[in-house]
Amino acid sequence: MTILAFDLGASSGRAYAGHVDGGLIKAEEIHRFPNQPVQAGKHLYWDILRLYHEIKQGILKAKNGCGRISCIGIDSWAVDVGFLDRNGELMGNPYHYRDPYTDGIMTEVLNEIGKEELFSRTGIQLLPFNTIFQLRALKKANSPLLDYADTLLMIPDLLRYFLTGEKKSEFTNATTTQLFNPKTSDWDWELISLLGIPAKIFPKDIAKPGSEAGRLSQSVCGELSVPAVPVIAVGEHDTASAVVGIPAETDDFAYLICGTWSLIGTELDAPLMTKQALDWNFTNEGGAGGTFRFLKNIMGLWLFQRCQADWEKDGISYSSAELVKLAGQSEAFRSAVDPDDPVFLNPVHMPEAIREYCRAAGQHVPETPGQIIRCVLESLAFKYRFTFERIETLTGKEYDGLHMAGGGIRNELLCQYTANVLSRNVWAGPSEASAIGNIAVQAVALDMFWDIQSARKAIKASFPQKTYVPEDTEAWERAYRRYTSQILGAASR
């Protein structure tokens, strides 16, 4: 029996064939494809039909190379949405969350509702591209999308709809919209009304992770010559799946899902919606097994990736390994940035944005690729510790170390820097945590595991982890104190 997991990231998508054998989980990548947003006119879009095409190719590869498919699950990034008209047809390509059409909208909404009221209803951190602000931007622009839409679906919901014809939202992704009330476990209909967003577009059926959300439609079965296998609502926000993929042995653990974005947090039984959590802009997103992911978003390796891409545009190509090596050879602690400064969201030229930030802060200005990447990696490690300590303060818990997972753990220098600045062990692995967590939720749905915790035990036994032990901690401690004082300033208090 093959469990087929699709994991869609901001730059690429992957299909994994999963199997459970002797209590161990095996995962094999069978299809990989780019996910390249498209600039058309003044907007940046996701190429959603190309993604759907690649999902069908993944199904064909699984059918032809892996035997009988038992079920399928899809996870992806959050906040972005597509719209269906009354005939169930797609109304245009979804906007990309980095499109500037939401500029200024968050401030307008907060002036009307107030951040305390919004947080008390949703428990979600304020980010300018959250779904709530995307929808309000459409309303302000008099977009026909809201006038004529019959159904709103988030990205994995939309792709699942193409496969099954079923219009359902999934819990973990629905919570990220900042329009879902965790106290009622439903859309916040009063908030939706206050914002003037048509309530009819929100699916009434919200699927829990591990539930069947439909079966392959007759047309898909005919096109691909496959049976009508179930499509499972996994943790459809990729971070929710990644947290399932953390091989933690205890209920209380801290994690860092490291990729284009870095998401650092812990798993709780209920949302933590205190004033301090609001002031520090933490979020409470739904998790698998009835949990909540109490976490904070950090800009992550986006800065590294954009530097790499911008240098390539300039005619200089570096592999990731080459850049990491150059960073390791550069002098330590010469310059630092706040990765979450808005100037790094989507600058014209990332290396120059980093230089200008350092120049304005009166720091040494990094010039070489090695110096710039060293600045990025050290800054990320500093911000990880800053956020880690706030999690411990907010939860009243102390963690022995930090579990790192996701593609970013292939950057061993970043993992070591994180251990150094935390003065605690970092356990890195698995690198494909989202896909493995996706498989695990489907395996629980098939009664191959009793629950999420037993699946995590299997993940720990099935996939390697690397332990990073702190080094040179006194120097890192001094550098961290300078960082919080000079870079974060008042935000550090």
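Modeller: Happy to, starting with helices H13 and H15, which are roughly perpendicular to each other.

Colleague: Why are H13 and H15 called roughly perpendicular?

Modeller: Their axes, lines fitted to C-alpha atoms over the stretch in contact, cross at roughly 85° and come within 7 Å. Angles of 65 to 115 degrees count as roughly perpendicular, so the label applies to H13 and H15. Keep in mind that this is a predicted model, where local features need pLDDT of at least 70 and side-chain atom pairs count only at pLDDT 80 or more, while totals for chains, interfaces and linings use all residues. Residues are numbered from 1 along each chain, and side-chain values use heavy atoms, leaving out hydrogens and water.

Colleague: Which residues meet between H13 and H15?

Modeller: With contact meaning heavy atoms within 4.5 Å, Leu323, Leu326, Ala327 and Gly328 of H13 meet Pro369, Gly370, Ile373, Arg374 and Leu377 of H15. By class, that contact has 6 nonpolar, 2 polar and 1 charged residues; Gly counts as polar and Arg as charged.

Colleague: Which residues line the largest cavity?

Modeller: Lining residues have an atom within 4 Å of a point; here they are Glu331, Phe333, Arg334, Ser335, Gln371, Arg374, Cys375 and Glu378. They divide into 2 nonpolar, 2 polar and 4 charged.

Conventions: Axes are lines fitted to C-alpha atoms, for helices over the stretch in contact, and angles run from 0 to 180 degrees between N-to-C directions. Helices (H or I, at least four residues) and strands (E, at least two) are DSSP runs, numbered from the N terminus. Angles under 35 degrees count as roughly parallel, over 145 as roughly antiparallel, 65 to 115 as roughly perpendicular and the rest as oblique. On a 1 Å grid over the protein atoms alone, a cavity is a set of points where a 1.4 Å probe fits but cannot get out, and a pocket is an open set with protein on both sides within 12 Å along at least five of seven lines; lining residues have an atom within 4 Å of a point.
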